[in-house]
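Subject: Structure handover

Hello,

Here is the structure for your files. My notes on it follow below.

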Amino acid sequence: MFSLRVVSKRGIGAVKRALSTDVKAEGTALFDFHVENGGKIVNFGGFLLPVQYSDLSIVNSHLFTRKSASLFDVSHMLQTEIYGKDCVEYIESVCTADIKGLQNHAAVLTVFTNEQGGILDDLIVTKVAGDRLYVVSNAARKHHDQQHLLKALENHRKRNPSTDIKLRFYEPMEKGLLALQGPKASEALQSLTDVDLTQLYFMNSTVGNVAGIHNCRITRCGYTGEDGFEIAMKASNAVKLATRLLTNENVRLAGLGARDSLRLEAGLCLYGNDITSKTTPVEAALTWLVAKRRRELKDFPGAETILRQIKEGSSVKRVGLVSDKGPPARQGASILSTEGQELGKVTSGCPSPSLGGNIAMGYVPTNYGKIGTKVSLKIRDKLYDAVVTKMPFVKANYYNRPK
């Protein structure tokens with residue numbers, strides 16, 4: 001997943017020189033801050049980010065997040081603002097969510113799909129107002145998503161010549177994004193903001209002051225399965241905000257290593273591994289991303305294929321796998337039946353710091369996807385027993401609105 005080029009405490013200048021051969025690799029506004037704090041920098045999909053910090057192993061950083069709160073730099077994610085009176089109609093032309101049905105300030109996870117029903121990216125769309133949307137999508141799909149949205153706008157203008165839609169793509173050095181995740185995240189953030197976080201529920205967003213920084217967008221969401229927030233601000237204020245958050249003894253810096261194991265325990269997909277343009281939402285066990293109204297209208301890309309799979313079922317499905325013995329199964333490991341028939345491949349896998357065993361996700365024929373089904377994992381030419389299990393592997397702790 002990561003580049004082999006890893007650099008730790010060698011001085012900022014040395015780090016930059018060592019990474020200078022990484023074509024098109026770019027840092028965020030927190031690059032120097034990461035190095036100063038012992039960050040071990042890797043080239044992650046063209047972005048220079050810490051995989052971990054010198055004060056904690058990846059496992060200990062993972063466990064700290066589960067019991068306290070960790071701060072992640074996710075400024076490499078693509079942040080986009082969409083303006084215009086018909087921006088909801090426009091964004092619904094490329095995704096499966098019911099944006100129209102959202103309340104203002106509510107957010108939703110959705111996917112871009114192609115005409116074959118394949119997933120082009122997963123993203124979070126916040127309905128700031130009827131004429132304004134805020135979108136966060138994957139860094140690895142940055143250029144694809146920009147072109148996809150621009151092409152969709154071109155098509156929208158053909159249908160609606162008078163449209164006033166405008167797109168604003170933010171670069172990492174323009175707008176920063178910090179993720180504060182863990183059971184003590186709310187307490188740590190509340191001491192620095194004028195926003196009443198008890199009234200900000202999971203997948204809702206607002207704008208407020210944080211640590212004296214005006215106009216920060218605070219969204220209660222994350223990629224760990226824990227309660228937490230993503231905070232967007234001018235990139236020039238990112239170091240100030242990170243520094244203030246870290247004055248709290250319950251908050252520590254965390255990197256890509258812990259982020260990956262946390263999201264896998266939470267059963268969350270990584271684009272390019274667990275979902276691709278060849279995977280439909282139904283096959284990926286993400287049917288819930290296809291909103292009821294959109295199913296009725298049948299008006300999203302790939303609707304014919306996806307709706308047929310919803311009705312009839314898909315031939316393969318994403319499943320969770322657990323194994324107690326042997327090494328962890330990594331991406332590409334074969335999943336076999338107990339009779340030795342190859343069923344599919346692992347898409348993500350790692351040791352689970354929270355559970356003690358190994359966990360993985362992968363695709364198998366639907367008739368092998370029942371919870372409790374025994375399979376084998378082929379790792380370095382040896383077979384290890386595994387069992388299909390329910391996801392998430394670790395219970396989610398989101399701060400949901402009371403029912």
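In what kind of crossing, left-handed or right-handed, does α3 pass α8? The crossing is right-handed, a term used when the near helix is turned clockwise from the far one by less than a right angle, with anticlockwise giving left-handed.

Some conventions before the rest. This is a predicted model, in which local features need pLDDT of at least 70 and side-chain atom pairs count only at pLDDT 80 or more, while totals for chains, interfaces and linings use all residues. Residues are numbered from 1 along each chain as its sequence is written, and side-chain values use heavy atoms, with hydrogens and water left out. Helices (H or I, at least four residues) and strands (E, at least two) are DSSP runs numbered from the N terminus.

The helix pair

Helix α3 (residues 58-67) and helix α8 (residues 256-265) pack at about 55°, and their axes are 8 Å apart. Axes are lines fitted to C-alpha atoms, for helices over the stretch in contact, and angles run from 0 to 180 degrees between N-to-C directions. The two helices are therefore oblique to each other (under 35 degrees is roughly parallel, over 145 roughly antiparallel, 65 to 115 roughly perpendicular, the rest oblique). Ile58, Ser61, His62, Thr65 and Arg66 of α3 make the contact with Gly257, Ala258, Ser261, Leu262 and Glu265 of α8, where contact means heavy atoms within 4.5 Å.

Within α3, Ser61, His62, Phe64, Thr65 and Arg66 are buried, that is, under 20% relative accessible area with a 1.4 Å probe and protein chains only; exposed is over 50%, partly exposed in between. These buried residues pack against β5 (69-73), β11 (175-181), β15 (251-253) and α8.

The annotated site

UniProt, in an unreviewed entry, lists Glu230 as "binding site"; such annotations may be inferred rather than shown by experiment. Glutamate 230 sits in strand β14 (residues 228-234) and is buried, at 11% relative accessible area. Leaving aside residues up to four places away in sequence, glutamate 230 touches Leu177, Leu178, Ala179, Arg217, Ile218, Thr219, Cys221 and Gly222.

Further along the chain

Helix α10 (residues 303-312) has Ala303, Thr305, Ile306, Leu307 and Gln309 buried, with β7 (106-113) and α9 (292-297) among what covers them. Glycine 313 follows α10 and has a positive phi, near 95°.

Isoleucine 335 lies in strand β17 (residues 334-336) and counts as buried because its relative accessibility is 0%. Its C-alpha atom is 6.7 Å from that of valine 346, 11 residues apart along the chain.

Regards
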